[in-house]
Amino acid sequence: MLLTACVATGWLTGGLFGWSLGCRRVTARRARIRREERRAPVVSMEVLLDLLPDAAVLLDGHGALRFANIEAKATFGEALGTIVRSPGMFAALRKLDGVTLQASGSLVIEVPVRRVVRVAVRLLPDALTTGPARVLAILSDHSEMDAVERMRADFVAYASHELRTPLAALSGFIETLRGPAANDPQAQQQFLGIMADQAARMQRLIEQLLELSRVEMLEHRKPRGRIEAASVIERVREETVAACTAKGVVLDTAYEPLSVAGDEEQIIRVLVNLVENALKYAKVEERPLRIRVRIEAQTQHGRAGVVFVVEDDGAGIDAAHLPRLTERFYRVEGRGRTSGAGYGLGLAIVRHIVDRHGGSFEIDSVVGKGTCCQVWLPVA
Amino acid sequence: MTEATHTVKSYEQELEHLRSLMRQMGGLVERQTAQAVKAIVDGDDEAAIEPPELDPEVDELEREAEALAIRILALRSPMAVDLRTIVAALKITGDLERIGDYASSIARRAMKLDMEGGPSLVGLRSMGRLVQDNLRRAIDALANEDRDASVAVWQADAAVDELYTAMFRELMTYMMEDPRNIGTCIHLMFVAKNLERIGDHTTNIAERVYYAVTGEMLPSVRPRGGRGNMASLQS
């Protein structure tokens, strides 16, 4: 009833707009039309809900999800199932007993990504219960605030932990330069070289930490835009070909002319990251390394999608490390020690980006044979 | 309204109610698991209180679902997909209840655990995440009666086994390094084992969903991870 009234008033104001005011006859005719309008609503509730800028869902008398509006699907996606069956939602629904017509509550879910959601539920008036739907629930996402809060704490913890080592080395050398090496130009040059390396290391670390927190911030925001295979390949080539040539690595690329929904910039970052990893860690002495990047269509569990593959024929990774590679600061010991090793943040960033796109990330590797990283994104 | 449609309607209502009970249980155990994992990896004592508190509610729902399932079986003689749904529901609620128990047990252990200077919990964190995500997808598959999704969950448990084996090896090393770590490590070992069991029950749920939807059983041998390494460690 409420919504029908809204339609009618909305329609009426729309109708009055552009008419000269104070024309009684016209107003009377409008009112008659309005009464007719009320008797036969032309707009379904679902269509109206789709127009709302807020996430709204309809639930039946058993709490099952019957409809989700466009905004709800865009904001929450596959997390909707978990949200509507969470204890917080059922607690709010239990308050609606026919006397109480509205209630609210809040809920937190941890997977696929952490979300803090406020929910307001409204019992539908009789006039609107022709279908199975009985309850309207408006969901508001408070995840971003929560994420900022947690990230600040995390950042301080990680940064202080990881920056302490190079900082300690720096102050050690400064001490030496001031004291014992004050008059030894040769030692000074050597120490300054080491200090420059350490400073560069710290800078790279800070950049990666910042990128990680940016990626985390965006994680619960659905990516918009499209990814074109051709331009991805071109950009990845541009950004990595110099490093490959410098190391004598062959870079092959192949792609099918595909396009998929997502944030192109982020996917390029993912692929560049994976290629750089291969450059850093997959080196073998006996033969020149070959890295292959390809993009092709692939169906996973009945869902159409596109797979982005980065494979090399290098050293490979021991199976024991594979499940843990995407953890922050996880490093495989003994790998790439010599060439200014990474911080174990690259793949954590990759995982966050893939999670945001609702895709999957897999690493297969055979020691001595090579590694194959696959990022799969669903088409729809 | 004729008698026939009335009967059909309330039968449909009963089935809907059964599904609703399962979803509610699912939501509760998801919450229990999430809080349990949080309690252990973030050392959050407040989170540790919730899972055991939710246990009676889960048990109550299980009893209610069981009674309803038996009632439908006795009074309606359901056939085909309905029959499979009800039989699967009996087993799925059992699996969910067990998952709730494991989550509570993890939470109780978290309260006892003093993690000062103990081993790193990153491995446990990613295992917890993976298990939670599989559980979520299994319950989604249940709610949407989605065959493909259930197969995906069924296959995804291999990664949990992999992580469990990795954890096992890591904790073992810690214990060998310093006997003072043994107390903490044993607790963490049980936590990892409980998470792995939650993963197994999640797989069971996926199997039942597949059965309820298709009428066929998934093969009894499931893709498993980490077995080879396990054998060499335990011998």
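User: How many helices and strands does chain B have?
Analyst: This is a predicted model, so keep that in mind. Chain B has seven helices and zero strands. Read from the N terminus, its elements go α-α-α-α-α-α-α.

User: What share of chain B is buried?
Analyst: Chain B has 235 residues, and 47% of them count as buried.

User: And what about contacts in chain B between residues 24 or more positions apart?
Analyst: Take the contacts in chain B with a separation of 6 or more. Residues 24 or more positions apart make up 84% of those.

User: Which way does phi go at Ser77(B), positive or negative?
Analyst: Positive. Phi of Ser77(B) is near 35°, and the residue is not a glycine. Most residues other than glycine have a negative phi.

User: Why does Ser77(B) count as exposed?
Analyst: Because it has 9 C-beta neighbours inside 10 Å. The cut-off for exposed is 12 or fewer.

User: Is Ala80(B) buried or exposed?
Analyst: Exposed. Ala80(B) has 8 other C-beta atoms within 10 Å.

User: Switching to chain A. How many residues of helix H11 are buried?
Analyst: Ten of its eleven, so H11 (residues 346–356) of chain A is mostly covered. Among the buried ones are Leu347(A), Ile349(A), Val350(A), Ile353(A) and Val354(A). The buried set also includes His352(A), Asp355(A) and Arg356(A).

User: What covers the buried residues of H11(A)?
Analyst: Both helices and strands of chain A. The cover includes helix H8 (185–218) and helix H10 (264–281). It also includes strand E11 (360–366) and strand E12 (370–378).

User: What happens just after H11(A)?
Analyst: Gly358(A) takes a positive phi there, about 65°.

User: Last topic. Which residues does the cis peptide bond in chain A join?
Analyst: Val111(A) and Pro112(A), with omega about 0°. Most peptide bonds are trans.

User: Where is Pro112(A)?
Analyst: In a loop of chain A. Strand E3 (102–109) lies on one side of that loop in the chain, and strand E4 (115–123) on the other.

Definitions and conventions: Residues are numbered from 1 along each chain as its sequence is written. Chains are lettered from A and ligands numbered from 1 in the order in which they are written. This is a predicted model: local features need pLDDT of at least 70, side-chain atom pairs count only at pLDDT 80 or more; totals for chains, interfaces and linings use all residues. A residue is buried if 20 or more other C-beta atoms lie within 10 Å of its own, exposed if 12 or fewer, and partly exposed in between; C-beta atoms are placed from the backbone. Helices (H or I, at least four residues) and strands (E, at least two) are DSSP runs, numbered from the N terminus. Two residues are in contact if their C-beta atoms, placed from the backbone, lie within 7 Å.
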